[in-house]
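Please work through each task before reading its solution.

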Amino acid sequence: MAMVGAAAAPLCTWLIAACLTHGICGGDLNSSSISMAPPPAGSRRSRRRARDLQQLHATATAAAAAPPPTSMAGAVVALYESGLSGLGSCLSFEACPEYHRSAKWSPSFFAAAPSSSSSSSSRPSRRRGPRATAAAPAGRNMAVAVQPMQPVQPVKESVERKVVATKKRRVVVTGMGVVSCLGHEPDAFYENLLRGTSGITEIENFDCKDFPTRIAGEIKDFSPDGWVAPKFCKRMDKFMLYLLTAGKKAVADAGMTRDVIDQLDKTKCGVLIGSAMGGMQVFSDAIEALRVSYRKMNPFCVPFATTNMGSAMLAMDLGWMGPNYSISTACATSNYCMLSAANHIVRGEADVMLAGGSDAAIIPIGLGGFVACRALSQRNNEPSRASRPWDEGRDGFVMGEGAGVLVLEELEHAKRRGAEIYAEFLGGSSTCDAYHMTEPHPEGAGILLCIEKALAQAGVDRQDVNYVNAHATSTQAGDVQEYKAIMRCFGSNSEIKVNSTKSMTGHLLGAAGGVEAIATIQAIRSGWVHPTINIDTPEKDVNMEVIVGANKQKLDVKVALSNSFGFGGHNSSVIFAPYPAKK
């Protein structure tokens, strides 16, 4: 009934206007000859108008005294059938008996028109003042008051909302997997870092004698046997082989045997491992094959070149159906992946996430591209001394390759299955310099903002941070700007120590953050921070009391921060702490 009333109210208003216009004008509404000007006194039209008005008044009075019609449309048509004959069949709304019986319903939809006739309606006039009973002057349109229908309001059900107190879900690290030029196991990898061993050598994978740079942190002794199905070993790009191997090693390191995996809720286990460059070798090979014929192209060249396929393939092997994708933010990729993976756990969308990065760009097109950017060191005669962050003699970064993957797990979930907890992931942040494609902001504004936001997001006081694994790639501008930002945040902390893993591994691009997160966690576990090699002549603004120099140093890490920055001005910082937390 509410719907009928709502529809009838504007309809009746329109019908009144139509009837009055028809009755007063006395002609076809569509006729262009209708004139709204008052007709001459005593004319035939004026007499007809007066007669129509009297008829309208009499009909309205009769309708008020008549019993309720069987339909709303019927009432309207009965009232104005002289002017709207034939419309009743189009408006067949059924009447609602309950509404007719209610006090809100009135048999008369319209108030009686004012008239000087003595037979006017007995209903009191709504007008006030002397004009309420005055007759309308001849020749003027007469307003008809419409009695508004009361809309039926829907009943609002009172729903009691129960507020359930929730405890913030904490994220911990329970497994690590690494593939690098300094080893393929977390302990062996970190032992080499503590010894100050450089993994940078001459490139052997291809002939690069014509390149101005012929050195890199190239992996010499990698084998995917036992980790990747043989049918894929020859087809996949190395970045994907590194990713699958490091990912499965991280799962094994977390104590997730096949039996344990079968007991997990696989809908809440996900993979988020990214890559900056993706399958460059597979794509490069496809281009060479296309020069001969498209028929020579590898049918897997497209899926094996995309950055997301590594996470997808790993999830297929594990049967994990939770969040699965990749992020590519140049050399900040791994940190972005870890931040997003941790957020999935905090929000309750996952209990376990594999997170990190992988890259394998030491191939002709990769090397040539960075040479063209003038970003690489050309210290070919001393490969092990080429990467030298914060040294005045640095001349660019050194390319590296590999993968670093963490098992991030919800704390209570890890405790229930009796997992060993290596560290707690407190959080982090990301920002953008919005300044230049490859150069950092000259004042380090984006880096400073990123670190401060990371501390705020993690709820960490800057005085509690006493170790920073810096991005420090051995470039002229980047090293100094990052150091200044670090000192502006933590300079008042006398315990702060800063080092660079890249001085020994080179720059692993999208995998750098994952590998350096493992180095950071190993520092927390061992109580030793590794050296930064090759700083022979420090930059004048660099305090070597803060930088960990040629030798490892003992440090009881309270809270550690790891930075990763990428082309495009992408900045990221992640924060780890011992578990349980140290006072």
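**Exercise 1.** Determine how far apart the closest N and O atoms of Asp-536 and Arg-388 are, and which parts of the chain this pair links.

Solution. Asp-536 and Arg-388 form a salt bridge (a side-chain nitrogen of Lys or Arg within 4 Å of a carboxyl oxygen of Asp or Glu), with 2.8 Å between their closest N and O atoms. Asp-536 lies in the loop between strand S11 (528-529) and strand S12 (553-554), and Arg-388 in the loop between helix H13 (364-372) and strand S7 (402-410). The two residues are 148 residues apart, so the pair links distant parts of the chain. Helices (H or I, at least four residues) and strands (E, at least two) are DSSP runs, numbered from the N terminus.

The model is predicted: local features need pLDDT of at least 70 and side-chain atom pairs pLDDT 80 or more, while totals for chains, interfaces and linings use all residues. Residues are numbered from 1 along each chain as its sequence is written, and side-chain values use heavy atoms, leaving out hydrogens and water.

**Exercise 2.** Classify Asp-536 and Arg-388 as buried, partly exposed or exposed.

Solution. Buried means under 20% relative accessible area, exposed over 50%, and partly exposed in between (1.4 Å probe, protein chains only). Asp-536 is partly exposed because its relative accessibility is 46%. Arg-388, at 3%, is buried.
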